[in-house]
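Here is a short briefing to read beside the model. Keep the 3D view open and find each residue as it comes up.

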Amino acid sequence: MLKRNLWMLLAVIALAILPLVIHHGGDAEFGGADGEAEAAITEIQPDYKPWASPLWEPPSGEIESLLFALQAALGAGLVGFYFGRRMSPAKRPDNQ
Amino acid sequence: MHIMEGYLPAAHAVGWGVVSAPFVIYGARRIVTLVREKPEVKLLMAASGAYVFVLSALKIPSVTGSCSHPTGTGLAASLFGPTVTTVLGAIVLLFQALLLAHGGLTTLGANIFSMAIVGPFVAYGLFKGITGAGFSGAVAIFVAATLGDLATYVTTSLQLALAFPDPVSGMTGAAAKFLGIFAVTRVPLAISEGLLTVIVFNLLQRYSRGELNALNIFSAKA
């Protein structure tokens with residue numbers, strides 16, 4: 001199982017890196033797809049005005065990436081905690 | 001896949017909210033019942049929610065030159081059913097709307113519908129169908145997570161097409177445009193999500209047999 005999981009993990013990493021290699025030195029901006037959708041809306045209906053705006057926006061890109069990192073860290077921490085507990089020998093009996 | 005704040009006409013925003021609300025309420029009640037009946041699955045539920053949290057924070061580059069994030073809902077949907085996942089997904093979407101200005105409160109209903117309702121229902125149906133047909137859990141969860149993810153992005157595209165039909169080519173033309181942005185880009189990323197979810201599922205099969213049995217994950221085969 002370990003070996004198969006490792007291969008799958010490598011495939012995931014490759015799928016994430018491949019686009020960067022393909023577009024190396026090229027045209028791609030790697031902006032968000034959400035932003036592209038916004039642009040498409042403006043193209044279809046140039047006079048559409050968003051009628052609501054976010055209550056709070058991260059004041060800078062730095063803060064935004066901080067919060068994204070926090071989101072990922074909290075999630076990964078909990079998933080790690082879960083497997084840490086389940087894999088510990090003392091907890092084995094309920095995993096039989 | 002977030003529809004940005006204010007980018008849905010008011011009637012659509014309200015409409016999607018009305019459609020999504022019953023799923024959230026029903027899911028919350030399912031969680032209460034499940035936790036009462038099977039307290040041993042509580043931590044696994046939290047971990048599945050955390051998995052949605054992690055994956056939806058990862059903006060992965062795609063071959064089309066843009067970035068978008070996986071949804072991570074296929075795992076929770078396969079383990080706990082779709083409406084429980086609706087609640088988990090709604091929490092993540094609320095976090096991102098309030099703290100990251102991704103998505104928004106007016107578009108929350110629409111975003112819940114695509115990421116926390118359609119995706120999980122597709123994933124759950126596929127997982128049950130494929131394990132029921134006798135295939136292994138790993139195969140089932142791969143297909144469920146991959147296509148559940150794609151279904152979310154297809155739904156977002158259709159929601160936008162419904163709200164912004166193209167003046168020349170109509171709704172179909174607009175759908176093609178939005179699908180070009182979201183769905184095509186998503187194919188390799190959906191496969192990534194499928195593979196990651198299989199890895200987690202393999203670990204669960206090895207270390208969390210008790211919980212999987214409590215949730216009757218393989219009841220169809222037994």
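Start with B:Ser62, which sits in the loop between strand E1 (60-61) and strand E2 (66-68) of chain B. Bear in mind that this is a predicted model.

**A serine in a loop**
- Is B:Ser62 buried or exposed? Its relative accessibility is 1%, so B:Ser62 counts as buried, the cut-off being under 20%.

**Positive phi angles**
- Most residues other than glycine have a negative phi.
- A:Phe30 lies in the loop between helix H1 (2-22) and strand E1 (31-32) of chain A.
- B:Ala101 is not a glycine, yet its phi is positive, at about 55 degrees. Look for B:Ala101 in the loop between helix H4 (82-99) and H5 of chain B.
- B:Ala101 has 7% relative accessibility, so it counts as buried.

**A covered helix**
- How many residues of helix H3 (residues 73-80) of chain B are buried? The count is eight of its eight residues.
- Among them are B:Thr73, B:Gly74, B:Ser78 and B:Phe80.

- Helix H3 (residues 61-87) of chain A packs against helix H2 (residues 42-55) of chain B. The angle is about 145 degrees, and the axes are 8 Å apart.
- The crossing of H3(A) and H2(B) is left-handed.
- On the H3(A) side, the contact includes A:Gly75, A:Val79, A:Tyr82 and A:Arg85. On the H2(B) side, it includes B:Leu43, B:Ala47, B:Tyr51 and B:Val54.
- Sorted by class, this contact of H3(A) with H2(B) has 14 nonpolar, two polar and two charged residues.

**A leucine with partners in both chains**
- B:Leu196 belongs to helix H7 (residues 170-207) of chain B.
- Not counting residues up to four places away in sequence, B:Leu196 touches A:Leu9, A:Val12, B:Tyr51 and B:Leu55.
- B:Leu196 and B:Gly72 are 124 residues apart in sequence, but 9.1 Å apart in space, C-alpha to C-alpha.

**Aromatic rings**
- Over all chains, the structure holds nine aromatic pairs.
- Why is the pair of A:Tyr82 and A:Phe83 edge-to-face? The ring planes stand at 85 degrees, and over 60 counts as edge-to-face. The centres are 5.3 Å apart.
- A:Tyr82 and A:Phe83 are both buried.
- B:Trp16 and B:Phe113 form a tilted pair, with 4.8 Å centre to centre and 40 degrees between the planes.
- B:Trp16 is in helix H1 (residues 10-37) of chain B and B:Phe113 is in helix H5 (residues 108-132) of chain B, so the pair ties together parts that are 97 residues apart in sequence.
- B:Trp16 and B:Phe113 are both buried.
- One aromatic cluster is formed by A:Tyr48, B:Tyr7 and B:Phe164.
- Which residue lies over the face of B:Tyr153? B:Arg186 does, at 4.0 Å from the ring centre.

Key
Residues are numbered from 1 along each chain as its sequence is written. Chains are lettered from A and ligands numbered from 1 in the order in which they are written. This is a predicted model: local features need pLDDT of at least 70, side-chain atom pairs count only at pLDDT 80 or more; totals for chains, interfaces and linings use all residues. Side-chain values use heavy atoms; hydrogens and water are left out. Rings of Phe, Tyr and Trp (its six-membered ring) pair if their centres lie within 6.5 Å; planes under 30 degrees apart count as stacked, over 60 as edge-to-face and the rest as tilted. Buried means under 20% relative accessible area, exposed over 50%, partly exposed in between (1.4 Å probe, protein chains only). Helices (H or I, at least four residues) and strands (E, at least two) are DSSP runs, numbered from the N terminus. A charge sits over a ring if NZ of Lys or CZ of Arg is within 6 Å of the ring centre and within 35 degrees of the ring normal. Axes are lines fitted to C-alpha atoms, for helices over the stretch in contact, and angles run from 0 to 180 degrees between N-to-C directions. A crossing is left-handed if the near helix is turned anticlockwise from the far one by less than a right angle, and right-handed if clockwise. Contact means heavy atoms within 4.5 Å. Ala, Val, Leu, Ile, Met, Phe, Trp, Tyr, Cys and Pro count as nonpolar, Asp, Glu, Lys and Arg as charged, and the others, Gly among them, as polar.
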